[in-house]
Every structure is written in C-alpha cells, then in structure tokens.
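Here is a protein to walk through together, one piece at a time.

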Amino acid sequence: MSHPSLRLAEITPDNVVTACGVKVREDQNRFVAPVERSLAEAYAARGTAWPRLVMDGDEAVGFVMANFQPEEREPDFRCGIWRLNIAEGGQGRGYGRFAVQAVCEEARRRGNDRVTVMWVPGEGGPEDFYLRLGFRPTGRVLGGETVGEMLLR
C-alpha cells in the first residue's frame with residue numbers, strides 16, 4: 001500500500017497540542033506511554049531524542065520518537081525507537097510501518113547500521129508488529145521489556 005501523502009513532522013509550538021491528541025486504543029495504554037510523557041522525555045533528552053508526528057496530508061495519525069546517541073555506552077540505547085503511538089482510528093493502515101521505516105532511513109542517514117526497539121510482552125501488544133517488520137529479539141530484557149533489533153545492512 002503506497003501513501004504518497006505520508007510524512008513526518010517535527011514537533012513545534014504550532015503542533016504540540018495536536019501531537020498530544022494522538023491516542024492509541026484504550027487496551028493498548030499498558031503497552032505504550034502517552035505522547036505527553038514522550039514529549040517530556042524528549043525535552044529532558046533534547047540532545048538525542050527525535051520526536052515526530054506522523055502526518056497523512058494535514059491529519060496527525062501517529063507519533064514516533066527515536067533516540068540517536070552514538071556515544072552511549074549501552075549499545076541497545078545508541079539508536080532506537082523509544083515510542084510508536086498510532087491513533088486508534090489509524091491503526092492497520094500502514095502508518096506504523098511508515099514511521100518505523102522513516103526512523104530507519106534517518107538512522108542510516110546518521111551512519112547507523114542497527115536500530116533497536118523495546119516492547120512490553122503480552123497479548124495484544126506490539127511484538128508481532130515489530131517481528132513482521134524484521135526486528136528480532138536480542139535475548140535481552142530491560143525493565144521488563146523485550147529488546148529487539150533490526151540490522152540495516
């Protein structure tokens with residue numbers, strides 16, 4: 001499915017309220033933090049966090065936040081997806097796949113050859129989604145979350 005109208009938008013004072021309006025399905029709240037918390041974390045890590053709105057034309061359909069910190073001692077935190085929130089009404093339309101692919105493109109542009117993601121295991125969680133995209137569990141669990149990786153070669 002092609003989405004020529006999809007793009008990522010930097011979070012600005014003009015769209016921060018729109019970003020905070022991106023809400024996942026209620027049953028998914030246990031798997032991903034709300035955008036508000038992500039933006040607070042992005043502010044605290046503003047040198048490395050990369051928060052973006054997922055836009056379909058003029059409509060905000062999701063939020064993704066990556067982190068690029070090549071000097072980090074912990075390899076799993078050097079280049080990774082911290083959050084992916086696709087709005088309840090937009091799920092199943094390819095927006096999440098687009099967001100992950102866009103992060104991978106940015107990672108390559110920055111010279112990275114590996115992207116990580118962490119997910120909370122459980123029925124209804126994002127594990128199957130990440131596995132379908134090519135992430136593989138590393139065997140590590142951090143803070144109760146499974147660490148997955150995708151090699152970008």
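Let's begin with tyrosine 130, which is found in helix H4; helices (H or I, at least four residues) and strands (E, at least two) are DSSP runs, numbered from the N terminus. Before going on, keep in mind that this is a predicted model, where local features need pLDDT of at least 70 and side-chain atom pairs count only at pLDDT 80 or more, while totals for chains, interfaces and linings use all residues. Residues are numbered from 1 along each chain as its sequence is written, and side-chain values use heavy atoms, leaving out hydrogens and water.

Is tyrosine 130 buried or exposed? With a relative accessible area of 5%, tyrosine 130 is buried (buried means under 20% relative accessible area, exposed over 50%, partly exposed in between, using a 1.4 Å probe and protein chains only). Leaving aside residues up to four places away in sequence, tyrosine 130 touches Ile81, Leu84, Val100, Val117, Trp119 and Phe135, a contact being heavy atoms within 4.5 Å. The C-alpha atoms of tyrosine 130 and methionine 150 are 9.4 Å apart, though 20 residues separate the two along the chain.

Tyr130 also leads us to the largest pocket: along with Val32, Leu84, Pro126 and Phe129, Tyr130 lies nearest the pocket's centre, out of 43 lining residues. Strand S4 (79–86), helix H3 (95–109), strand S5 (114–119) and helix H4 (127–133) are the elements that each give two or more residues to that lining, and S4 gives the most, with eight. A pocket here is an open set of points on a 1 Å grid over the protein atoms alone, where a 1.4 Å probe fits, with protein on both sides within 12 Å along at least five of seven lines; lining residues have an atom within 4 Å of a point.

Now over to helix H2 (residues 35–44), where Val35, Ser38, Leu39 and Ala42 are buried. They sit on the same side of H2, because they cover an arc of only 100° around the axis, going by the directions from the helix axis to the C-beta atoms. The buried residues of H2 pack against helix H1 (16–20), strand S2 (49–56), strand S3 (59–68) and S4. On the face turned away from that buried side, H2 carries the exposed residues Tyr43 and Ala44.
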